[in-house]
Amino acid sequence: MLGENSPNIKLTHYQSPIAVAIDCIYQCQKYYLLNQSEASLNHALEAEKLTLAIAGFVTSGEYHFYVPLVFLNRLPLMQKEQQQSYWEKVKTHQQKLKIWTEQCPQNFQHKYFLLQAEINRVNGNFANAIEYYDKAISEASANKYIHELALSNELAAKFYLDWDKEKLAQIYMQEAYYCYTEWGSKAKTDDLEKRYFQLLAPIFKNFDKSELIDQTIQITSSSSSSISENLDFASILKATQALSSEIKLEQLISKLMQVVMENAGAKKAALILLDDDNLMLKAVAATSSSIKLLNLRYQDSEDIPATLINYVKRSLKTIVLDNATQNPDFIADSYLMEQQPKSLLCMPILNQGKLIGLLYLENNLTIGAFTQNRVDTLNLLCTQTAISLENAQLYSKLANYSHTLEQKVEQRTQEVTQKATQLESTLKELQRTQAQLIQTEKMSGLGQLVAGIAHEINNPIGFIYGNLTPASEYTLDLIELINLYQKLYPQSLPEIADKVDDIDLDYLIEDLPKLLDSMKIGAKRIREIVVSLRNFSRLDEAELKPVDIYSGIDSTLLILQHQLNSSSKYPEIEVIKNYSQLPETNCYASQLNQVFINIIGNAIHALREKQEDKPIITISTSLKDEQNILISIRDNGVGISQSILNKIFDPFFTTKPVGSGTGLGLSTSYSIVVKKHRGNLSCISAPGEGTEFLIELPIK
């Protein structure tokens, strides 16, 4: 094993160059992660001498990833003449990672993105650094590289901390801490606690600072600690992903009860669901492995307090009783009188404001078992559960209907064709309904997010923009005053003359008004962006009303601007607007924006897939006749074959790779244009000739 400062390597006859090289690389990685930059640099330089020995080994990937990160970390401490040499080395490693990324993105894409983020950080290109940090985090998470997901979050946190963005740094550093904990690296969690305690403090708010360093790993396994509750939240987020993928109702109920019992601090749980307008007790759990599935009226059960269930059913409010036996509102309930539970929680499960069920929890050992953290976590869980339950119930109804149909087919063979057609029609309708539900939820969430961001930005930028004009006027007044002083007192004191030379007063007088004008232009541009974001969300325009079509198209292009811009892999996509003069069109603005974002997003994907040298999207508008307008969105991408063209508006049909598309966008767009607006949506395409979508809408 090499020492910490890694003296120059001189191999003896019994030492293996491969083993020594691998040792150097992992020592370099270790000291880099533990923030010992000099030791990590020494090992990196020694590893460079033995790179040929590990050619073709898996360790090469770690070498070309960590060594340039070490160099970038040490660059600010080097002399200028040294920096150029190390920059060349970084570029060499970067090129190697780029080649491997193209060959195997699952293993190397996140490494390349993180290195690119650090390069942009060192160069002061903060906008690109932010983008690449988030890309690295996304790719590392998708491909289960938990330790490099932790590193990506840590480096992003350091970047924001150096930029004096402590709130953002806190979010990323806490996520890094969770990832290092999941990875099992106590040395690294100890390191973060020592260096960034102020960012991690919310995790440890219930612990003495003196106890934290020695208890990190033990704390994560304790169900009563504050860090456990934060980690419960992380595990619940993972659980929601598992719940969203479950479509069979019984399996979904079992999985939900298991997650609740493992994370909510309950000793007993019950699930009541709405079934044909009746609330039915569907499951009772005593442990995560002891789950009993039922189907009876909740009033007939002896496992739950009916009085409490009735109250939550009527009020749709979450009830938390820290000491149930002392609460006067429910003390007369026969179940509570007999069982004497300590803590109770009953939460409604809502979907779009409609009750679909209730979750009941109790703890007969602990008073105040259901803390606010756990209530918030269960709220998040129930939000996803509501959607999953709706989908599972749709699927269950379809499965029951299919089973009944099969029995009828066996009894009446003459009706086979008719029933099969009916089943297919029902399935398609259910798919369309499910697709629309999912897409509506997604776009509603996006609209709320965009509107919220626009609102938050609008106030401060309005303040800045409104004050720039008087600031410019004050500046001109001060400059006039200085000029007057210089005119009336041409012979200034030596101290004043020295100060004038130090600050280069003439240049300052010339440049300051220009600087304020530039700030005003920038603030104006931000205001325009905020207006576009609000136009896109249109949360206040849910009804049918006359709308300027161009505001929706332009707002959509603004939302997708980052995808249109050039990158290291793709050229910029040019957008050509052939706009005609159109009257305001009677439509549902927010839903029509969904159509634009789906179609233009597909065009971008097609252009990236073809890797066109001059990718172009052309948007044209015209009056088809006195009653209808026509919108054309055309790209010069890969095009679509006739066999696929016949299916593109079917729910869940997609030609994108698994995980890249849901097959909901075009089917939802078709439903919005044709069914909602009484218009027409068609597609013209051929392989290699691009694709054109034609949207026809009635003006009134």
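Is glutamate 118 buried or partly exposed? At 3% relative accessibility, glutamate 118 counts as buried, where buried means under 20% relative accessible area, exposed over 50%, and partly exposed in between (1.4 Å probe, protein chains only). Before we go further, please note that this is a predicted model, in which local features need pLDDT of at least 70 and side-chain atom pairs count only at pLDDT 80 or more, while totals for chains, interfaces and linings use all residues. Residues are numbered from 1 along each chain as its sequence is written, and side-chain values use heavy atoms, with hydrogens and water left out.

Let us stay with glutamate 118 for a moment. Its salt-bridge partner is arginine 121, with the closest N and O atoms 3.0 Å apart; a salt bridge here is a side-chain nitrogen of Lys or Arg within 4 Å of a carboxyl oxygen of Asp or Glu. Because arginine 121 and glutamate 118 are three residues apart in helix H5, about one helical turn separates them. Helices (H or I, at least four residues) and strands (E, at least two) are DSSP runs, numbered from the N terminus. Arginine 121 has 21% relative accessibility, so this residue counts as partly exposed.

The structure holds 17 salt bridges. Another of them joins lysine 111 to glutamate 148, with 3.1 Å between the closest N and O atoms. This pair links distant parts of the chain, as lysine 111 lies in helix H5 (residues 105-123) and glutamate 148 in helix H7 (residues 146-162), 37 residues apart. Both lysine 111 and glutamate 148 are buried.

Glutamate 154 pairs with lysine 158, the closest N and O atoms being 3.4 Å apart. The two are four residues apart in helix H7, so about one helical turn lies between them. Glutamate 154 is buried, with a relative accessible area of 1%. Through shared partners, salt bridges join Glu154, Lys158, Lys188, Asp191 and Arg195 into one network.

Now for some helix geometry. The expected span of a helix is 1.5 Å times one less than its number of residues. Helix H8 (residues 166-183) has 18 residues and reaches 25 Å from its first C-alpha to its last, close to the expected 26 Å. Its buried residues include Ala169, Tyr172, Met173 and Cys179. After H8 comes glycine 184, with a positive phi near 90 degrees. Helix H24 (residues 665-676) can be checked in the same way: its twelve residues should span 16 Å, and its end C-alpha atoms are 15 Å apart, which agrees. Among the buried residues of H24 are Gly665, Leu666, Ile672 and Val673. Arginine 678, which follows H24, also has a positive phi, near 55 degrees.

What about the cysteines? A disulfide is a covalent bond between the sulfur atoms of two cysteines. Counting pairs of cysteine sulfur atoms within 2.5 Å as disulfides, the total comes to zero. For cysteine 24, the closest cysteine sulfur is that of cysteine 28, 9.0 Å away and therefore too far for a bond. Cysteine 24 counts as buried because its relative accessibility is 0%, and cysteine 346 counts as buried at 0%.

Leu478, Leu481, Leu484, Tyr485, Leu488 and Tyr489 make a nonpolar patch of about 650 Å². Patches are made of residues with over 30% relative accessible area and no salt bridge, with like charges joined within 9 Å and nonpolar side chains (Val, Leu, Ile, Met, Phe, Trp, Tyr) within 5 Å; accessible areas come from the Shrake-Rupley method with a 1.4 Å probe, and for residues only the protein chains shown count as cover. Leucine 488 is found in helix H17 (residues 416-488), and at 53% relative accessibility leucine 488 counts as exposed.
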